[in-house]
Amino acid sequence: MPNVVTRFAPSPTGFLHIGGARTALYNWLFARHYGGEFLLRIEDTDRARSTDAAIAAIVSGMEWLGLTSDGEVTSQFEQAPRHREVAEHLLKTGKAYKCYATAEETAALRATARENGEVFRGDMWRDRQPDAETAARAYAIRLKMPRDGETTIKDSVQGSVTVQNSTLDDMILLRSDGTPTYMLAVVVDDHDMGVTHIIRGDDHLNNAFRQYQLFAAMGWDVPEFAHIPLIHGPDGKKLSKRHGALGVDAYAEMGFLPEAMRNYLLRLGWSHGDDEIITTQQAIEWFNLENIGKGPARFDFDKLDNLNTHYMRQLSAIQLLSCVQNDLEKRLGVPLSEAEKNRILAAMPSIVDRAKRLPDIVDGASLFCNIRPLTLTEKAMKLLEGQTAQIADVANELAAITDWKPDVVKAAIMSFAQARDLKIGKVMQPIRAALTGGAPSGDLIELLDILGQEEAIARLKDQAIT
RNA sequence: GGUCCCUUCGUCUAGUGGCCUAGGACGCUGCCCUUUCACGGCGGAAACACGGGUUCGAGUCCCGUAGGGAUCACCA
């Protein structure tokens with residue numbers, strides 16, 4: 001396939017939501033697969049609703065996901081003169097015409113058309129000449145849609161879809177204030193930017209027919225379309241702001257790794273046989289439009305969590321620490337000491353083993369910081385009930401150790417239990433409770449070892465006193 | 001309401017007329033491992049929306065029904 005060009009064209013009216021992120025990912029993957037270009041165009045023709053904050057959120061969201069665009073980020077608004085030029089050209093060649101209808105007039109006609117179950121085509125000025133008075137009024141420019149025949153678009157996802165031309169309206173190209181509409185702008189920009197494949201949300205499928213006719217009116221090649229189904233919420237309802245639609249930044253904050261998000265989004269609505277864990281390299285190699293599902297898919301946090309645990313375990317202790325260091329220090333209120341860092345690094349394998357999201361790692365790592373006195377969970381309190389004397393004895397026993405090594409510590413605890421004829425669990429559980437306060441943790445001997453003699457005994461004594 | 005699209009376990013999906021007694025993954029669940037919590041290992045329950053065709057044979061093709069979705073702006 002020769003020079004593939006794809007684009008992601010969000011309107012900057014809010015954050016980069018999950019559906020947009022997936023659309024961007026698919027465009028990016030498709031372009032990378034063919035060694036083509038992936039462009040980012042901001043559709044900011046609606047001046048009232050577009051904000052710089054939204055643009056920044058979109059760009060940073062894509063950055064987080066690792067979806068780098070080629071070339072400059074373009075603004076659709078800045079192309080307005082060119083859009084106008086195309087509208088004027090269409091007017092000159094008779095492919096478009098001036099419409100003098102007022103907003104009220106149009107709305108009324110639309111309402112009655114719908115009441116009667118008829119198609120509203122907005123064509124009240126299609127074959128009418130204005131008198132001198134109306135000719136002086138502001139006018140919009142509408143495309144003269146073909147009335148006969150049908151339009152078929154060959155969609156890579158939806159297949160071949162046909163619509164009767166009689167159901168297409170004479171859409172407005174240029175508003176009466178002279179600004180271009182989205183319908184005009186997308187088509188002109190996609191053509192000017194050399195876009196070969198338009199991969200976008202299903203919600204644009206109906207627009208595709210109208211845009212097709214605009215391409216045709218200009219005599220331009222029509223790009224290939226691929227309309228991907230929308231993502232729904234866990235309840236099957238459309239993902240809207242009321243329904244818990246979140247920006248990708250929110251997922252970052254929840255502690256998901258971008259690679260997990262990418263893998264999840266990729267598999268949500270696309271498949272490659274039974275493959276679940278797919279590296280970005282493989283994704284680029286395997287991605288195609290044919291294997292995109294046609295039905296809307298539901299968002300599922302459990303599966304995202306599962307992928308996230310997988311990708312977290314792929315990271316080294318050092319990488320994981322750097323992922324959580326900021327949050328951890330924020331919680332502690334002080335920077336991490338070298339000793340604390342080393343303890344966390346040593347404990348990381350067992351910390352990541354019981355973590356689903358980054359905050360779980362913060363929890364696990366904080367155990368290895370100087371956080372005395374610990375606050376106990378209810379369960380830990382129960383385990384320590386009436387054990388203060390025993391804990392004190394254990395603390396003394398351990399304090400006597402001169403060579404703090406796992407084997408030695410273990411032997412000390414074993415003999416402590418034996419001497420008192422206690423089951424090993426009866427000794428270890430209270431110790432664990434005193435050391436962790438009840439937080440999930442791994443092997444107890446390892447915990448003692450990493451904590452170090454001083455800190456471990458201090459924590460035990462904290463519980464022995466009360 | 002008009003137009004268009006979709007329909008396999010709870011969820012994401014494999015499946016392109018015989019390999020399907022429908023496979024995988026997440027979740028759920030039983031057992032094992034075990035000093036907590038996890039991890040891990042081995043099992044289990046769980047789906048072709050419904051009704052008609054076509055065919056020797058249908059999850060796979062056709063029609064209808066039901067359900068879901070998208071869209072119908074001088075928004076994008």
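**Entry 1: two helices**

I looked up how α13 crosses α14 and found a right-handed crossing. A crossing is right-handed if the near helix is turned clockwise from the far one by less than a right angle, and left-handed if anticlockwise. I note that this is a predicted model, where local features need pLDDT of at least 70, side-chain atom pairs count only at pLDDT 80 or more, and totals for chains, interfaces and linings use all residues. Residues are numbered from 1 along each chain as its sequence is written, chains are lettered from A and ligands numbered from 1 in the order in which they are written, and side-chain values use heavy atoms, with hydrogens and water left out.

Helix α13 covers residues 338–353 and helix α14 residues 358–366. Helices (H or I, at least four residues) and strands (E, at least two) are DSSP runs, numbered from the N terminus. I read an angle of about 130 degrees between α13 and α14, with their axes 10 Å apart. Axes are lines fitted to C-alpha atoms, for helices over the stretch in contact, and angles run from 0 to 180 degrees between N-to-C directions. The two helices are therefore oblique to each other; angles under 35 degrees count as roughly parallel, over 145 as roughly antiparallel, 65 to 115 as roughly perpendicular and the rest as oblique.

I then listed the contact (heavy atoms within 4.5 Å). Ile-344, Met-348, Ile-351 and Val-352 of α13 meet Ile-361, Gly-364 and Ala-365 of α14. By class, this contact has six nonpolar residues, one polar and no charged. Ala, Val, Leu, Ile, Met, Phe, Trp, Tyr, Cys and Pro count as nonpolar, Asp, Glu, Lys and Arg as charged, and the others, Gly among them, as polar.

**Entry 2: the second largest pocket**

I found about 340 Å³ of space in the second largest pocket. On a 1 Å grid over the protein atoms alone, a pocket is an open set of points with protein on both sides within 12 Å along at least five of seven lines, whereas a cavity is a set where a 1.4 Å probe fits but cannot get out; lining residues have an atom within 4 Å of a point. Grid points are joined across faces, edges and corners, and a volume is the space filled by probe spheres set on the points. The largest share of this pocket's lining, four residues, comes from α14.

I read about 1500 Å³ for the largest pocket. Its largest share of lining, six residues, comes from α1. The largest cavity has about 30 Å³, and its lining has seven nonpolar residues, no polar and one charged.
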